[in-house]
Structure formats: structure tokens, C-alpha cells
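Welcome, and please open your viewer. We will go from stop to stop, with something to select at each one.

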Amino acid sequence: MAGAVPVSGSSYSYTYATMGEGLAWICGWCLLLEYAVSVAAIAVGAGEYLTEMATAFGVALPEAFVQPPGDGGVFNVPAVAVVLLATVILIRGSRESAWVNTVLVVLKIAVLLFFVAVAFTAFDSRNFAPLLPMGTAGVTAAASRLFFSYIGFDAASTAGDEARDPQRDLPRAIILSMALITSLYILVAVAAVGARPWHWFDGQEAALVGVLEEITGRPWVSLVFATGAVVAIVSIVLVVLYGQTRILMAMSRDGLVPPVFGRVSARTGTPIANTLITGGVIATTAGLVPLGELADATSIGTLFAFSLVSLAVIHLRRTRPDLPRTFRVPLYPVTPILAVLMCAFLMLNLGGSTWVVFALWMAVGAGVYLGYGRRHSAVAALTDREYAEASAPVTPTHETVKDTV
């Protein structure tokens, strides 16, 4: 879809281009939950690693200011600081933020490989027996809760308007990053479980730092990894916050959210007001809400949005088989159908409280759409003739999709 509909907005724009405004709003509203909550969830982890960094220097940070309410604290100051730092970087411009993020990603990968190298010195294959200690139910429950980590692949597709050749570059970027990141996930997991048995990780907040501390017994090793973890968190927050602002820009362009989210600064080329509003709301959420609740709410929104994208692939193949595609889904239609079924299965594995939050969020979204979005919709303002012209089949280049979708 990133190659066929090369515009900002990711899943929202793909749904809009294929299945219309109503479903696009549902998808976009899910993405707002998905992106905002995932940024907050990731930032919450900053407090845990900053605590480890301070411990290496013999300093004990007050629990009240490194944990949110519900986790023994009052306000998670490190999480707020990370979000605000990413907000400032994004305001400076896309090129500057991309350069900063590249440096952070290189450091992050180096630190992960450093952990793997140290952890493998204590590798014990007996830690993998039994291979599935909690059974398949444990695997599916974990997959459901951690699915929000896939949001980064969706975030890459939000750069459609700012990529030089999005029809070529976006599919390549998504596939290559998925291969690289999946390999790193597996490598780190194998190294960690090989170094310590699975039950050791129960209740560990900064588990990888704990592994290094026990293996080496040297505070500086833990300090290096904790510093790298904070760098990793900043880079992830930067990317996901960028994606959130671009989705809001796309929705503002279509009239579904207020125009303030679509205003771009002539000096920096960035949506400054959009970024400040989004960063402020997310920073407040990160400071007040515990990590577990945030992760579950993010996963259900991600799974629902990905389901709509899979349906959009099927719909577009049926309605526009002649559309030029820079990437074609293999084993069509089996792959998108399985994607929808697996997303639904993982959603069912999430807890009842998560479904209640999701239902309330969707109810609020329906109210916002009926009260504002539908009245200000750019499509609703078109005459029948203008709508027919805008809906006429075109070859979707980077520019034509921006103008018509």
C-alpha cells in the first residue's frame, strides 16, 4: 500500500483511498490511539533505565519522580523529558530530525550487539528447556501485548510526502527494516534467555541491565547499556511522534480534524503547532499512566488498523487490478486474509479492560466524527461533478495522490 498510495497518513490514507471516508476515520482514530499511547508507553521505560544509570554513580533517584501513579510514583519525569526532547527535535525540521535519528539508531544497534556479545559469554542451552514453559497460550498472550512494537513499520509509511521516491523507497525501507529488526529481536532474546532462565525475568523492570550486572559484576557495563537504552527510547519516540503528527496532517488535509494540525511553518517546513499539541498531550500521558495499561491499549489499536490495511489490499486488487504496483503481496489473497484472521485472534487474547478502553475510545471517535469531521469533510464539500472527477481512476503518482485522495 505504501508503494501504491505514496502519501503521508499510512494506514489512514490507504483506507481512505480504497474504502472511503467512514472506514478511513475509524482507521485514523485507531492510529491516533496507537501512536500516541505507544510513544507514551515507550517513554515510560526511560525512568527505569535512568534509575539504573544513577545507581551506577551511587545516586538513588526518588521513586516518586521516576514512576507514574499506580507503579509507586507520583509523576514520571524522565518519560516526560524524553517526549519533550523529541518534540523539540521534530520542530527543528525533518532533515535535522532524520539526521539525529540516524545517529541514535546506529548507537542503539551497537549497544544491542554489545549486550548480545556479553550475554553469550554466559550462554547455557539448558535455559531453553522447556521451550514453551507457559504453552502456546503464553506465546499468543505475549504476542498480543507486544504487537505495538510493529508500529515502527507503519511509521515508516507516514513519510510518503517527504520521501524522494516513495513508490520505490517506502516498500524497500519497510521490508529491509522488518528483516533487520526481527533478526535483532531474536538475537537479543536468545542471548538473554541463554544467559538466564525464563523465570528469572519475572518482575524485572530493566531486565537486560540486570543480566549484564550479574554476568560482569562491573557497574560501568550496566551504565553503558542503560545509557544506550535511553538513547534507543529517544530514537523510537522521535520516529513514532513524527508519524503521529503526519497522520494528523493527513486528517486535517481531509477536513476531519481542525486545520491547526495541518499548518506547516514556512521557516522549518514542519507542523509546529501540531507537534507541540501532540507532544504536550503525549508527555502528560507518559507522566501519569503505567506502562502495562499503555501497551495493551496500543496493541489493540495497531491490530485493528492493520486489519483494515489488509482488507484494503484485497479491495484495491479487485477494484483496480490495472494499478501500477511497486510491490505485490505474495500468495494473494491468502496472505491478507490470514493477516486479518491473525490480527483478530491476537485482539481476542487481550484483556477485558483493554476492550472496554477500546470501545470507549471508538465511541468518543464516533462523536468527534459526527460532531466535527463529517461537517468539515473536504469530500462532503464537493459537488457531485467534483466528486466524480476526484474519484476518476488515475495512475497514482506521488503528486496526483496528494491532490486527489
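In which helix is E214 found? Select E214 and you are in helix α8; helices here are DSSP runs of H or I with at least four residues, numbered from the N terminus. Before going on, note that this is a predicted model, where local features need pLDDT of at least 70, side-chain atom pairs count only at pLDDT 80 or more, and totals for chains, interfaces and linings use all residues. Residues are numbered from 1 along each chain as its sequence is written, and side-chain values use heavy atoms, leaving out hydrogens and water.

**Around helix α8**

E214 counts as partly exposed because its relative accessibility is 45%; buried means under 20% relative accessible area, exposed over 50%, and partly exposed in between, with a 1.4 Å probe and protein chains only. Just after α8, look for G217, which takes a positive phi of about 70°.

**Aromatic pairs**

Rings of Phe, Tyr and Trp (its six-membered ring) pair if their centres lie within 6.5 Å; planes under 30 degrees apart count as stacked, over 60 as edge-to-face and the rest as tilted. The count by this rule is 11 aromatic pairs. Select F115 and F225: their ring centres are 5.6 Å apart and their planes stand at 50°, so this pair is tilted. It links distant parts of the chain, 110 residues apart, with F115 in helix α4 (residues 94-119) and F225 in helix α9 (residues 219-253). F115 is buried at 0% relative accessible area, and F225 is buried at 3%. For another stop, select W25, W29, W361 and Y369, a cluster linked by ring pairs.

**Arginine stops**

Stay in helix α9 for R246, which is buried, with a relative accessible area of 3%. Show T245 too: a polar contact of 2.9 Å joins the two side chains. Then go to R317, whose charged end sits over the ring of Y332, 4.3 Å from its centre; for this, CZ of Arg or NZ of Lys must be within 6 Å of the ring centre and within 35 degrees of the ring normal.

**Last stop**

Select L338 in helix α12 (residues 334-348). L338 is partly exposed, at 46% relative accessible area.

How values were computed:
Helix = DSSP H or I, 4+ residues; strand = E, 2+ residues; numbered from the N terminus. Polar contact = N/O pair within 3.5 Å; in protein donor to acceptor, adjacent residues only side chain to side chain.
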